[in-house]
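Subject: Structure handover

Hello,

Here is the structure I promised to pass on. My notes on it follow.

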Amino acid sequence: MSSESGEGIDLAYGLDEKPPLPKSILLALQHVSVMIVPSTAVAFIVAGAVGLDAASTTYLVQMVILFAGVATVVQAYTVGPVGARLPIVMGTSFAFVGAMTTIGVNSGLDVVFGSIVVAAVVVPFLLGWQFKRLQSFFPPLVTGLIVIIIGLYLIPVGMEYSAGGVGAADFGSVQNLALAAIVLGITVLFNLLLKGVWRMMSILIGISVGYALAIGLGVVDFGPVSDAAWFAVPTPGEFGFSFEPVPLLTFAFLFLVSGMETIGDMSGITAAEGRNPTGDEFRGGIFADGFISAIGAVFGSFPQTSFSQNVGIINFTGIMSRHIVGIGGIILIVLGLVPKIGAIVTTIPSAVFGGAVLVMVGMVAASGMRLLFLNIEMNRRNMVIIATALGLGLGVETVPDALAGLPLGAQTFFGEPVIVTGLIGLLLNTFVPGDSSPLFDTTDTVPPVSEPVNDD
């Protein structure tokens, strides 16, 4: 058993320690239970937006689970230079939802997967290779804004699902709203009032209760489960591949954002040992982000990135063993090879998912706010950057017709709130003098907002 390490926390199990197998399996299931709902929710949201049938949705969910497991195992044990040898749990990030939905609706999933394959190889490789030179361009001010906008612009999606899903005959019905409210209420109360595993599994418990109520009300169709096979081998090119420059550029920027999220999560994990990740750990973790996402896209899986919720579990429990996370990855691989598991997820009513999605995306936004508040000074410079980036990001999301005069490619690229917010935050932070700018080695001369400012 490990003890306190440097400035870290008291570890029950260190990085390379192996708890007894029964205990390891239970701890691994805890990691799986925390990430599987939000990860499959991403697949569920995109599948619904592009109009996939039940069989295709089941396959999509299956691939997301499968390659989350593959990526998690690679992060824990590595394959050559790919992988960090850290307890990093991987899954599909909400950061990609907007682009995958928009591009999937406008151009087709073949363009989505073609763009992912190319961008997932090129961007993470360059980021990992040149990490030390690029890191300073993505301080907490920029990454925090990106995380906030991911949560904020997805809130309407959660509301639409809570009402029954766009196009549903009973959209906005009392039954749908009640199911969503029950899931939301249970999730929030369990998280705020209980401790330990009950708190960490609050989302899964909320969805389970809502799902059980939906079954009792007779609104769940189990047809897709009975039709699904017990075992299936992934099929390359299930949704096809096509390539267009603007979607490719869009996903390239999002993989840059995803890479920075993974960097932050790796730092959060090694902080339990009172240290920063090594160069090899950073590089291997970023490589795994990209290369496993590219391989997964070949078979119809969405991009894989690290899950911050699981970083919280490590710091909360003091259990850092990468072998536990590796077992969790194996569990995900097994689940991903059983289509009936994916089919069960597709039977969950939209309203039940909606109550959980509202909490999840709200927590994403809250995490971004925390990142800003803990790491930057709220002076005039930083507040103007925050206001501009969020204002434009939310602006293009809420009023997309404002870009109607632009070429279609420009509408697709600049219509993505994550891209607009991240790009504006990156440019302003880089070229405006201040502590967080990588180009100016000077103290921030802009006074805090609480001080009087002479603008004459």
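Phe-125 is partly exposed, at a relative accessible area of 37%, and Trp-129 is exposed at 56% (buried is under 20% relative accessible area, exposed over 50%, partly exposed in between, with a 1.4 Å probe and protein chains only). This is a predicted model, in which local features need pLDDT of at least 70 and side-chain atom pairs count only at pLDDT 80 or more, while totals for chains, interfaces and linings use all residues. Residues are numbered from 1 along each chain as its sequence is written, and side-chain values use heavy atoms, with hydrogens and water left out.

The two residues lie four apart in helix α4 (residues 109–129), so about one helical turn separates Phe-125 from Trp-129. Helices here are DSSP runs of H or I with at least four residues, strands are runs of E with at least two, and both are numbered from the N terminus.

Aromatic rings

The whole structure holds 11 aromatic pairs. The pair Phe-125 and Trp-129 is stacked, because the ring centres are 6.1 Å apart and the planes meet at 25 degrees. Rings of Phe, Tyr and Trp (its six-membered ring) pair if their centres lie within 6.5 Å; planes under 30 degrees apart are stacked, over 60 edge-to-face, and the rest tilted. Ring pairs also join Tyr-59, Phe-113, Phe-239 and Phe-302 into a cluster.

At Trp-230, the charged end of Lys-340 sits over the ring, 5.1 Å from its centre (NZ of Lys or CZ of Arg within 6 Å of the ring centre and within 35 degrees of the ring normal).

Core

The largest nonpolar core has 116 residues, and the members touching the most others are Phe-94, Met-100, Ile-116, Phe-251 and Phe-302. Helix α1 (residues 21–50) gives the most to this core, with 13 residues. Such a core is a set of buried Ala, Val, Leu, Ile, Met, Phe, Trp, Tyr and Cys residues joined through side-chain atoms within 4.5 Å. Beyond its neighbours within four places in sequence, Phe-251 has contacts that include Phe-96, Met-100, Val-112 and Ile-116 (contact means heavy atoms within 4.5 Å).

Helix α17

Helix α17 (residues 380–398) has 19 residues, which should span 27 Å at 1.5 Å a residue, and its end C-alpha atoms are 26 Å apart, in agreement. The expected span is 1.5 Å times one less than the number of residues. Among the buried residues of α17 are Arg-381, Asn-382, Ala-389, Leu-390 and Gly-393. Down the axis of α17, the buried residues fall within an arc of 140 degrees, so they line one face of the helix; the arc is that of the directions from the helix axis to the C-beta atoms. Ala-387 and Thr-398, both exposed, are on the face turned away from the buried side.

Which helices do the buried residues of α17 pack against? They are α6 (140–162), α16 (350–375), α18 (408–414) and α19 (417–431). Thr-421 is located in α19 and is buried, at 0% relative accessible area. Leaving out residues up to four places away in sequence, Thr-421 touches Leu-145, Ile-149, Ala-389, Leu-390 and Gly-393.

Backbone

Thr-78 has a positive phi, near 70 degrees, and is not a glycine. Most residues other than glycine have a negative phi.

Regards
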